[in-house]
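Colleague: I'm new to this one. Can we go through it together, one topic at a time?

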Amino acid sequence: MSGKKINGRMKVGIALLSLILLSAIVGIVAWQVGRNDNEEPQIADEYVVGNLQLEKYTWNFKIKKSNTDVRLSGQLANTGSKKNVAEDCGSSDNALCLDWIGTKDLLISYNKYASAECYDIHWRTRACSDQILLDCFDLDNAHWYGGYEDWNQFWPLEQTTMNLSAFVANDSYAKRIGGVQERYFLNSQGVGINISSDVPLYISINQTSDKQICLMAKYEKYPYTNTKGEYPHLSYTICVADNVRKIHDFMSASFSKPSNIPDRKLFKYPIWSTWAQYHKDINQTTVIEFASNILKYNFSHSQVEIDDDWTPKYGDMVFNVNKFPNATEMVKQLNAMGLRVTIWVHPFFNIDSLTFQEAKDKFFLVRQYDSQVPALVSWWDGDAAGILDVSNKDAVQWFIKKLQFLQKTYNISSFKFDAGETNWLPNIFETAYDSPNFYPTKWAELAYASDTDVRHQEVRVGVRTQHLPVFVRMLDKNSNWENKNGLKTLISTAFTFGLLGYPFVLPDMIGGNAYEGNKPDRELFIRWLEATALLPAMQFSIVPWQYDEEVVKISRKFVQLHEQYSDLITELAEESVRTGAPIIRPLWWISPLDKECQIIDSEFLLGNNTLVAPVLEQGAISRDIYLPLGRWRASIDGLVIKGPEYLRNYSVKLDELPIFTRIV
């Protein structure tokens with residue numbers, strides 16, 4: 001072959017290559033001219049639905065409002081390998097369908113609404129009943145709220161560490177997910193997540209300091225018993241709006257609203273309970289003395305509650321005549337003093353009680369699996385007890401008749417319903433419901449049915465019971481200044497209840513429960529009193545007169561302050577019925593984009609125009625106070641301050657509570 005022929009072929013090749021390069025450059029320029037500057041080029045190894053981008057193989061995802069505005073990121077159920085490739089099973093512009101053949105499938109549906117856009121995410125397993133699904137979301141770049149009552153009740157939620165736990169109601173003394181809970185989380189970036197109630201759900205937060213909140217679906221022996229051999233599924237909705245307030249308004253619209261408000265007296269006058277002052281050491285004499293001192297020291301009252309222990313055996317529904325020789329006369333005497341009387345009840349029947357045998361014979365107790373025999377449980381007042389089967393309508397009516405007997409025989413006004421959490425159930429049991437979390441729902445419904453007219457009962461559980469017009473009590477607080485179930489959890493727990501749709505918050509007893517003989521010192525009692533004064537209700541048990549006359553005067557002062565604000569509190573309660581809005585609101589409620597408002601856990605709003613900033617630090621006689629946008633008048637000195645503004649080292653004497661009223 002000659003050199004001339006080689007050179008000719010080279011010239012042809014170079015010409016072709018130049019033509020190809022020129023075409024590519026023209027194509028790139030045309031693409032750059034035609035593309036939107038806010039769009040990123042499509043990456044071959046990702047799926048897109050709405051504003052959600054999902055990477056193939058890693059399954060990392062992002063939801064964006066723009067190139068620089070990532071609202072949520074994380075990882076969907078990881079296949080762990082490129083070998084496990086998903087096939088498209090019918091995707092469209094508003095839906096992504098992926099199928100891991102014979103293993104699992106995923107459907108993401110996109111919907112756009114006037115105030116939010118949402119992604120319905122549905123995982124379904126297809127191989128076996130012991131498969132596990134796990135989706136995780138990054139906690140970085142946002143502050144998180146919602147979920148559940150907690151022992152530490154950090155606000156915002158990303159400060160929490162929660163190892164993988166079943167999302168069922170627990171006594172929060174177990175330091176797991178508490179008895180007031182909804183499968184709903186939201187963040188300061190305007191993202192909300194709502195998990196379907198039929199998912200066998202576990203969650204973790206910051207497990208191994210991973211800065212993630214993870215959702216897992218799986219069946220185990222307990223608590224999600226899979227007697228039907230079903231395959232687990234994981235279904236939830238992610239919605240995105242402009243800010244945290246807008247996403248909460250949008251997503252909480254799915255909650256039931258209260259059908260009414262509780263008894264108005266509870267919003268105005270304090271409850272007085274025997275529990276923290278006496279614990280179990282109560283009798284007819286101590287109750288009369290307790291009530292007499294309320295009047296002697298000139299305190300108002302909504303009712304006196306006789307707590308543990310008033311029955312012969314736990315589960316019996318009559319007064320112990322050894323401790324209360326004439327309970328009927330005692331209640332008459334209390335009524336004559338102007339006091340309503342409520343008593344403590346629970347769903348347990350210790351095996352040495354007469355009522356246990358009656359409930360057993362009627363098959364009104366939770367049963368062992370595939371048996372008519374009661375499944376025995378332990379609880380804080382007994383090692384062997386039956387527990388009322390609240391899934392059995394006949395058992396519920398039987399229990400209510402027991403309560404009605406107490407009302408008719410002794411003139412008891414209403415009841416404090418204790419317990420009701422799922423963790424008190426036996427590990428393996430049989431009732432009319434498959435889901436273990438039916439118990440708190442049905443227990444709260446029973447509680448409401450006991451007093452539908454006046455509505456001055458209380459419960460301590462809430463699971464899909466936002467419709468009930470009853471006070472929901474915080475679980476027993478410890479008498480300390482800390483986030484260890486102490487004073488610093490009071491406001492954050494009220495916030496959480498409100499966001500979950502439970503506006504009628506009953507704070508626990510002023511000063512805490514004085515467990516193990518640790519009664520609150522004078523300062524802690526006063527600061528706790530002040531922190532409670534503008535919450536929806538007040539509850540005393542540790543009595544002010546055990547300290548000194550100054551504490552009595554300060555206590556009367558703040559009881560009277562609560563009474564002065566009771567009309568506003570009641571108006572806000574009625575607003576809750578109409579809109580579902582909480583009575584006690586975080587500062588971001590009125591200023592959702594203010595980064596300071598997103599993290600403050602020591603101030604709260606009563607409605608939109610009253611800001612309360614109690615002192616929560618031991619030994620403090622001043623504190624920093626943040627005021628959001630607006631003009632605010634201070635209650636202590638009358639000054640008007642224009643927000644947003646920090647008031648540094650604001651003086652607060654021991655008998656003072658900073659209140660700021662927004663001038664509208």
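Colleague: How do the residues of the lining of the largest pocket divide into nonpolar, polar and charged?
Modeller: There are 13 nonpolar, nine polar and seven charged. Here Ala, Val, Leu, Ile, Met, Phe, Trp, Tyr, Cys and Pro count as nonpolar, Asp, Glu, Lys and Arg as charged, and the others, Gly among them, as polar. Bear in mind that this is a predicted model: local features need pLDDT of at least 70, side-chain atom pairs count only at pLDDT 80 or more, and totals for chains, interfaces and linings use all residues. Numbering starts from 1 along each chain as its sequence is written, and side-chain values use heavy atoms, without hydrogens and water.

Colleague: How much space lies in that largest pocket?
Modeller: About 540 Å³. Of its 29 lining residues, the closest to the centre are Thr225, Tyr433, Asp434, Ser435 and Pro436. On a 1 Å grid over the protein atoms alone, a pocket is an open set of points with protein on both sides within 12 Å along at least five of seven lines; a cavity is a set where a 1.4 Å probe fits but cannot get out; lining residues have an atom within 4 Å of a point. A volume is the space filled by probe spheres set on the points, which are joined across faces, edges and corners.

Colleague: And how many cavities of 30 Å³ or more does the structure hold?
Modeller: Three. The largest cavity has about 80 Å³ of space. Its lining has 13 residues, with Thr465, Leu468, Val470, Val472 and Tyr502 nearest the centre. By class, that lining has ten nonpolar, three polar and no charged residues.

Colleague: Where is threonine 208 found?
Modeller: In the loop between β14 (201-205) and β15.

Terms used: Helices (H or I, at least four residues) and strands (E, at least two) are DSSP runs, numbered from the N terminus.
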